[in-house]
Amino acid sequence: MKAMQMKDYGPASDLTLNNVNQPSINDDQILVEVSAAGVNPVDTYIRSGTNNYTTTFPHTPGSDGAGTIVQLGKNVTGFELGQRVYFTRNLTGSCAQFAACLPTHTFPLANALNFEEGACIGIPFTTAHRALFGRAKAQTGYKVLIHGATGAVGTACVQLALLNGMEVFASAGTPAGAELLRQLGVTHVIMHNEEGYLTPFQNLENGFDVIIEMLANHNLSEDLKALTLGGCVAIVGNRGTVEINPRDLMARDASVVGVALANVNPEALALIASSLLPHFESGELKPVIRKVYALNDLGQAHEDVLLPGALGNLVVKVKPGFH
Ligand code: NAP
């Protein structure tokens, strides 16, 4: 089969398209013929060995994907051959024609979604759900800021928060990002590159109940001042260190919580997947796709996913012409 691979940690330009053996699965695994692979920032951290991520070589990138089940281990129950699924944290890499997957990390794909959209659920929507509900305990009526709302996780957070009747404020870095957020139904769009943009919210009356933060090293100190009494910042993204004044937390009985998708256990993953499914089926939730790349353009997708000016998800089409 064809697979994009790295021989060692390195730049995206080192990715090459190779002919390799199809993965074999054991009795507890699922083999999926991959139609599309999601490209997430973590794929680039693993490829380059940064942010404490390691891997083994040759390495085929890609945690997320969607496709069709072609083989089931004999201990696997609850799935069928030919079933359309999406998966995350697969065992062999989604940027390949076939991927070995775990039943705990493989989920039915809504009929309303195509495979490219399915490839954008695993990390982005699961993280968004975990951050909002599992960690920040956001509820209907809460005033919520999605701080960095234009990317893969942010657009998922926005949709989930609106669907659940929250008062959603969402930030963008570019006019195109702001327009995307308005198209998603956000009425309170703010620009995270403008001077003093959080100032109107930095008092107890106007502060947020919850802030979902995509770049904590940049924003955490100012976020803490923009919480209302009992407010919470949930940190999804961080690329460095930051100095805060703990008094900002004390003054508000506020809290900061971390979010790591890797810590979500299989039972919680299954609950999240089953709660999302009907909303994908009804069209209330729909992954936003910015661009679809050919498999051998994965290197470009790895470069692009780290650029400013996000507009949803980047996807690699692995099985051409197949929806
Ligand atoms: P993405 O699609 O590349 O989006 C990045 C987002 O960060 C964009 O909305 C971008 O907005 C925004 N941003 C840029 N500068 C910002 C600033 N100064 N303040 C606030 N936001 C800013 O990435 P993603 O997939 O959504 O992931 C977002 C972050 O979460 C990444 O760092 C990723 O590694 C991390 N993540 C963590 C977990 C976890 O388990 N904790 C899971 C998934 C992702 P503009 O481009 O419009 O400026």
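Predicted model: local features only at pLDDT ≥ 70, side-chain atom pairs only at ≥ 80, totals over all residues.
Local features require pLDDT of at least 70 and side-chain atom pairs pLDDT 80 or more, whereas totals for chains, interfaces and linings use all residues. Residues are numbered from 1 along each chain as its sequence is written, and side-chain values use heavy atoms, without hydrogens and water.

Q: What makes the set of 51 residues a nonpolar core?
A: A nonpolar core is a set of buried Ala, Val, Leu, Ile, Met, Phe, Trp, Tyr and Cys residues joined through side-chain atoms within 4.5 Å, where buried means under 20% relative accessible area (1.4 Å probe, protein chains only). The largest such set has 51 residues, and Ile 146 and Ile 212 have the most contacts inside it. This core draws at least three residues from each of domain 1 (2-120 + 287-317) and domain 2 (125-262), bounds that come from an automatic or database domain assignment.

Q: Which residues is Ile 212 in contact with, leaving aside its neighbours within four places in sequence?
A: Contact means heavy atoms within 4.5 Å. By that rule the partners of Ile 212 include Ala 131, Leu 145, Ile 146, Cys 157 and Val 236.

Q: How much area do domain 1 and domain 2 bury between them?
A: Buried area is the accessible area (1.4 Å probe) that two parts lose on being put together, summed over both. For these domains the value is about 980 Å², 57% of it on carbon and sulfur atoms. In domain 1, Val 288, Ala 310 and Leu 311 lose the most area to domain 2.

Definitions and conventions. Buried < 20%, exposed > 50% of the residue type's maximum accessible area, 1.4 Å probe, protein only.
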